[in-house]
Amino acid sequence: GGGGDDDDWGPDAPVGNQVHLNLSNGFPRPVDVYWVMNGEQTKIISGLRPKARQFLSTYDGHAFSVYAEGEQGGAGGRRLLQFTASLKGGSRQHFTLEARG
């Protein structure tokens, strides 16, 4: 009982075109998550461990890239995942970072 999901989310409910994501790292290694805007990448989550969770408040249409920890920007920096937040899935979503396709 009690809908024990409350600890998965921040203190405030999403409003407008906000999307609240509860990220789970499904990769076997720690990852860094970057927010992508106008071709620039800004690191917003560092070293998220495998199976660890992280709350992320963002907006509909915002794009993100996921790299193995410390690899973005290096010559061998291989992007593991690219995703875009979308209200189509609801304003609160559980989202697993994992290889797609």
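Q: Which residue in strand 7 does N22 stand opposite?
A: N22 faces H94 there. Bear in mind that this is a predicted model.

Q: And what's the bridge partner of S24 in strand 7?
A: For S24 the partner is T96. Strand 1 and strand 7 (residues 92–97) are joined by 6 bridges, in the parallel sense.

Q: What about strand 1 and strand 4, parallel or antiparallel?
A: Antiparallel, with 7 bridges between strand 1 and strand 4 (residues 53–59). On that side, H20 stands opposite S57.

Q: OK, so what order do the strands of that sheet come in?
A: The order is 4-1-7, an open sheet of 3 strands with mixed pairing. Strand 4 and strand 7 are the edges: each has a single partner strand, so one side of each has no neighbour in the sheet. From one strand to the next, the twist averages 30°.

Q: How many residues of strand 1 are buried?
A: 8 of its 8 residues, so strand 1 counts as mostly covered, with buried meaning under 20% relative accessible area.

Q: Which residues sit on which side of strand 1?
A: Q18, H20, N22 and S24 are on one side, and V19, L21, L23 and N25 are on the other. Both faces are covered. In general, side chains in a regular strand alternate between the two faces of the sheet.

Q: What does H20 touch?
A: Leaving out residues up to four places away in sequence, H20 touches W9, D12, A13, P14, F55, L56, S57, S91, R92 and Q93.

Q: How many bridges join strand 5 to strand 6?
A: 5 bridges, with strand 5 (residues 63–68) running antiparallel to strand 6. F64 in this pairing stands opposite F83.

Q: Now aromatics. How many aromatic pairs are there?
A: The count comes to 3 aromatic pairs. In one of them, Y34 and Y67 have ring centres 5.7 Å apart and planes at 85°, so the pair is edge-to-face. Y34 is in strand 2 and Y67 in strand 5, 33 residues apart in the chain. Both Y34 and Y67 are buried.

Q: And how do the rings of F64 and F83 sit?
A: Their centres are 5.2 Å apart and the planes are at 20°, so F64 and F83 are stacked. This pair also links distant parts of the chain: F64 is in strand 5 and F83 in strand 6, 19 residues apart.

Q: How accessible is F64, and how accessible is F83?
A: F64 has 1% relative accessibility and counts as buried. F83 is at 6% and counts as buried too.

Q: Which residues form the aromatic cluster?
A: F64, F83 and F95 make up one aromatic cluster.

Q: Which residues touch the most other members in the largest nonpolar core?
A: L23, V66, F83 and L97, out of 19 residues in that core. Strands 1, 2, 3, 5, 6 and 7 are the elements that each give two or more residues to this core.

Q: What is V66 in contact with?
A: Setting aside neighbours within four places in sequence, V66 contacts F27, V31, D32, V33, R79, L80, L81, F83 and L97.

Conventions: Residues numbered from 1 in each chain as written. Predicted model: local features only at pLDDT ≥ 70, side-chain atom pairs only at ≥ 80, totals over all residues. Heavy atoms only, no water. Pairing = 2+ DSSP bridges. Helix = DSSP H or I, 4+ residues; strand = E, 2+ residues; numbered from the N terminus. Contact = heavy atoms within 4.5 Å. Buried < 20%, exposed > 50% of the residue type's maximum accessible area, 1.4 Å probe, protein only. Core = buried A, V, L, I, M, F, W, Y, C linked by side-chain atoms within 4.5 Å. Axes fitted to C-alpha atoms, helices over the stretch in contact; angles between N-to-C directions. Phe/Tyr/Trp six-rings, centres within 6.5 Å; stacked < 30°, edge-to-face > 60°.
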